Amino acid sequence: MEDDELQAIRARRLAELQGKSGGASSQGAGGFSGAPGMAGAGGGSKEDAEKKGQMEEMRRNMLYQILDNSARERLGRIQMVKADKARAVEDLLIRMAQSNQLRSKVTEKQLIDLLGQINQQDSSSTQTRIVYNRRQYDDSDDDYDL
């Protein structure tokens, strides 16, 4: 029952977001609608947006099948804070599922372990280093006639 409600809420939220982004893009394209040769561009963007929406829906369905409720909630919280990291984790989970590396639904503990591994990889590859280049001055009195 909760899963159906959750999906309904997500569908409404997606419709809201698509409405906002669709409204912004149609306003931006509205200024060009009178230009010759630009009339077909609006139809293509609608189809592109439709395809993108379908792909996102498929992605959500796959994640729904891969993750259990607690892991899905945690990933949602991560997405609120760091959308790019959540997207990377989702991509990784989908790839793992497609290559049959997942035997069952991913639990919250498994998701936490996966996030830890990703953080270790990120920190080791993008280690911050500070290098001080100090100028060396020659203080010899030979340069000056004193």
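**Exercise 1. Find the charges that sit over aromatic rings, then look for ring pairs.**

Step 1. Start with Y64: K105 lies over the face of this ring, 5.8 Å from the ring centre. To count, NZ of Lys or CZ of Arg has to be within 6 Å of the ring centre and within 35 degrees of the ring normal.

Step 2. Now try Y132, where R134 lies over the face at 5.7 Å from the ring centre.

Step 3. Ring against ring gives you 0 aromatic pairs. The rule asks for Phe, Tyr or Trp rings (the six-membered one for Trp) with centres within 6.5 Å; planes under 30 degrees apart are stacked, over 60 edge-to-face, and the rest tilted.

Before you go on, a note on the ground rules. This is a predicted model, in which local features need pLDDT of at least 70 and side-chain atom pairs count only at pLDDT 80 or more, while totals for chains, interfaces and linings use all residues. Residues are numbered from 1 along each chain as its sequence is written, and side-chain values use heavy atoms, with hydrogens and water left out.

**Exercise 2. Work out how the salt bridges are placed along the chain.**

Step 1. Get the count: there are 7 salt bridges, each being a side-chain nitrogen of Lys or Arg within 4 Å of a carboxyl oxygen of Asp or Glu.

Step 2. Take R60 and E57, whose side chains meet in a salt bridge at 2.7 Å, N to O. They are 3 residues apart in helix 2 (residues 39-66), so about one helical turn separates them. Helices here are DSSP runs (H or I, at least four residues), numbered from the N terminus. R60 is partly exposed at 23% relative accessibility, and E57 is partly exposed at 34%. The cut-offs are under 20% relative accessible area for buried, over 50% for exposed and in between for partly exposed (1.4 Å probe, protein chains only).

Step 3. Do likewise for D113 and K109, whose closest N and O atoms are 3.8 Å apart in their salt bridge. Both belong to helix 5, 4 residues apart, so they are separated by about one helical turn. D113 is partly exposed at 40%, whereas K109 is exposed at 59%.

Step 4. Next, E108 and R74 form a salt bridge at 2.7 Å, N to O. This pair links distant parts of the chain, with E108 in helix 5 (residues 108-125) and R74 in helix 3 (residues 69-81), 34 residues apart. E108 comes out partly exposed at 22%, and R74 is partly exposed at 26%.

Step 5. Finish with the network: salt bridges link R59, E90 and D91.

**Exercise 3. Is K85 buried or exposed, and what is it in contact with?**

Step 1. K85 sits in helix 4 (residues 83-98).

Step 2. Its relative accessible area is 18%, so K85 is buried.

Step 3. Skip neighbours within four places in sequence, and K85 is in contact (heavy atoms within 4.5 Å) with I118, N119 and D122.

Step 4. With N119, the K85 side chain makes a side-chain polar contact at 2.5 Å. That term means N or O atoms within 3.5 Å; within protein, one must be able to donate a hydrogen and the other to accept it, and residues adjacent in sequence count only if both atoms are side-chain atoms.

Technical notes
Helix = DSSP H or I, 4+ residues; strand = E, 2+ residues; numbered from the N terminus.
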